[in-house]
Amino acid sequence: MKLPVADDREGLGSGAADFDLFLANRRNHQKWAWTWNAGVRFNGDPKQPGAGSGNTSGSVAGGFLWRVSYSWIFMVEGRYET
């Protein structure tokens, strides 16, 4: 949940609350892991005049983690949101 605590008169926020639901999973192996998540966000209507209306958006993402050494991990992630 995103709360409208920024000053919307300064253009720092929309002045509306947004709610986000998501599902995520990670599958671990000995030296690597893959991860994915998917979600939907219900965007509130902005309070600024002429700013349009809040639309519902969806997202999907996937990633790969590889243990290079005891203290180093290489990570790649891609994300798409409507």
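How many of the 82 residues of the chain, as a percentage, count as buried? The figure is 16%, where buried means under 20% relative accessible area, exposed means over 50%, and partly exposed is what lies in between, using a 1.4 Å probe and protein chains only.

Before you click further: this is a predicted model, so local features need pLDDT of at least 70 and side-chain atom pairs count only at pLDDT 80 or more, while totals for chains, interfaces and linings use all residues. Residues are numbered from 1 along each chain as its sequence is written, and side-chain values use heavy atoms, with hydrogens and water left out.

**Whole chain**

Switch to cartoon. You'll find zero helices and four strands, in the pattern β-β-β-β along the sequence. Here helices (H or I, at least four residues) and strands (E, at least two) are DSSP runs, numbered from the N terminus.

The four strands make an open sheet in the order 1-2-3-4, with antiparallel pairing; two strands pair if DSSP finds at least two bridges between them. Strand 1 and strand 4 are the edges, each pairing on one side only. From one strand to the next, the twist averages 15 degrees. Axes for such angles are lines fitted to C-alpha atoms, for helices over the stretch in contact, and angles run from 0 to 180 degrees between N-to-C directions.

Next, select 19-28, which is strand 1, along with strand 2: 10 bridges join this antiparallel pair. The hairpin between them uses three residues. Show Phe-19 and you'll see Phe-42 of strand 2 opposite. Leu-23 has Ala-38 in strand 2 as its bridge partner.

**The nonpolar patch**

Select Trp-32, Trp-34, Phe-64, Trp-66, Val-68, Trp-72, Phe-74 and Val-76. Together they form a nonpolar surface patch with about 830 Å² of accessible area. Patches are made of residues with over 30% relative accessible area and no salt bridge; like charges are joined within 9 Å, and nonpolar side chains (Val, Leu, Ile, Met, Phe, Trp, Tyr) within 5 Å. Strand 2 (32-42), strand 3 (56-67) and strand 4 (73-81) each supply at least two of the patch residues. Zoom in on Trp-34, which sits in strand 2 and is partly exposed at 34% relative accessible area.

**The charged stop**

Last, look for the two salt bridges, each a side-chain nitrogen of Lys or Arg within 4 Å of a carboxyl oxygen of Asp or Glu. Arg-41 meets Glu-81 at 3.2 Å, N to O. Arg-41 is in strand 2 and Glu-81 in strand 4, so this pair ties together parts 40 residues apart in sequence. Arg-41 is partly exposed at 26% relative accessibility, and Glu-81 is partly exposed at 30%. Through shared partners, Arg-41, Arg-79 and Glu-81 join into one network.

Technical notes. Accessible areas come from the Shrake-Rupley method with a 1.4 Å probe; for residues, only the protein chains shown count as cover.
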